[in-house]
Amino acid sequence: MLRTIAIAVSVYGILALPAFANGLKAVQTVEKATISLDADGQEIRTYVPAEEVAPGDEVRYRLTYVNDGALAAEAVSLTMPVPGEVTYVEASADGPANLVTYSADGGLNYAARDELIMASAEGARLATAEEITHIQWTFETPIPAASMGEVSFRGVLK
């Protein structure tokens, strides 16, 4: 049985979504990053709920999904908008999806990051991180019953 799921969630605060596709559920969290350095000078990020954020703060938008249904969820696509007051952090989209695509036109069209082209008076150019409006994770492999996972991206509050 083919089940197609498209979940577009608002990225403000914590959001619980109703059940989709016979058991696929998703919960979104927004977390503030604290960045420190380890003994080797490597960055270590820790996250806490984003109760208070200020311009320049890094935040992580995380969507945790659970398939507690009896069947695998097939042809799943998860979409999160990037709020207008947040700039996407390049190469921060993460998760087990087979394909991650981006939109710079409000979610109407999606392309790979290196193919996300914008028209301008000077001609076609690659969209900037500030212009990304949505990120979409597409799962070509079914999400098994009784399994869970998460997708996420980071941004900086303008």
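Me: Buried means under 20% relative accessible area. By that cut-off, is Glu31 buried or exposed?

Reply: The model discussed here is a predicted one. In it, Glu31 has a relative accessible area of 9%, so this residue is buried.

Me: With which residue does the side chain of Glu31 meet in a salt bridge, and at what distance?

Reply: A salt bridge needs a side-chain nitrogen of Lys or Arg within 4 Å of a carboxyl oxygen of Asp or Glu. In this model the partner of Glu31 is Arg60, with 2.8 Å from N to O. Arg60 belongs to strand β5 (residues 58-67) and Glu31 to strand β3 (residues 24-37), so their contact ties together parts that are 29 residues apart in sequence. Arg60 counts as buried too, at 18% relative accessibility.

Me: How many salt bridges does the whole structure hold?

Reply: The search finds 10. One of them joins Asp57 and Lys32, whose closest N and O atoms are 3.5 Å apart. Because Asp57 lies in the loop between β4 (43-49) and β5 while Lys32 lies in strand β3, this pair connects parts 25 residues apart in sequence. Asp57 is buried at 18% relative accessibility, whereas Lys32 is partly exposed at 24%.

Me: Which residue meets Arg45 in a salt bridge?

Reply: Glu58 does, at 2.7 Å from N to O. Arg45 is in strand β4 and Glu58 in strand β5, 13 residues apart, and the pair links distant parts of the chain. Glu58 is buried at 11% relative accessibility, while Arg45, at 28%, is partly exposed.

Me: Which residues do salt bridges with shared partners join into one network?

Reply: That network consists of Glu31, Arg60, Arg62 and Glu150. Arg60 has a further contact: its charged end sits over the ring of Tyr47, 3.7 Å from the ring centre.

Me: How many aromatic pairs are there, and what describes such a pair?

Reply: Two values describe a pair of aromatic rings: the distance of the centres and the angle of the planes. The count here comes to 4 aromatic pairs. Among them is the pair of Tyr88 and Phe153, which is tilted, with 6.2 Å centre to centre and 50 degrees between the planes.

Me: Which residues form one aromatic cluster?

Reply: The cluster is made up of Tyr61, Tyr88, Tyr102 and Phe153.

Notes. Residues are numbered from 1 along each chain as its sequence is written. This is a predicted model: local features need pLDDT of at least 70, side-chain atom pairs count only at pLDDT 80 or more; totals for chains, interfaces and linings use all residues. Side-chain values use heavy atoms; hydrogens and water are left out. Helices (H or I, at least four residues) and strands (E, at least two) are DSSP runs, numbered from the N terminus. Buried means under 20% relative accessible area, exposed over 50%, partly exposed in between (1.4 Å probe, protein chains only). Rings of Phe, Tyr and Trp (its six-membered ring) pair if their centres lie within 6.5 Å; planes under 30 degrees apart count as stacked, over 60 as edge-to-face and the rest as tilted. A charge sits over a ring if NZ of Lys or CZ of Arg is within 6 Å of the ring centre and within 35 degrees of the ring normal.
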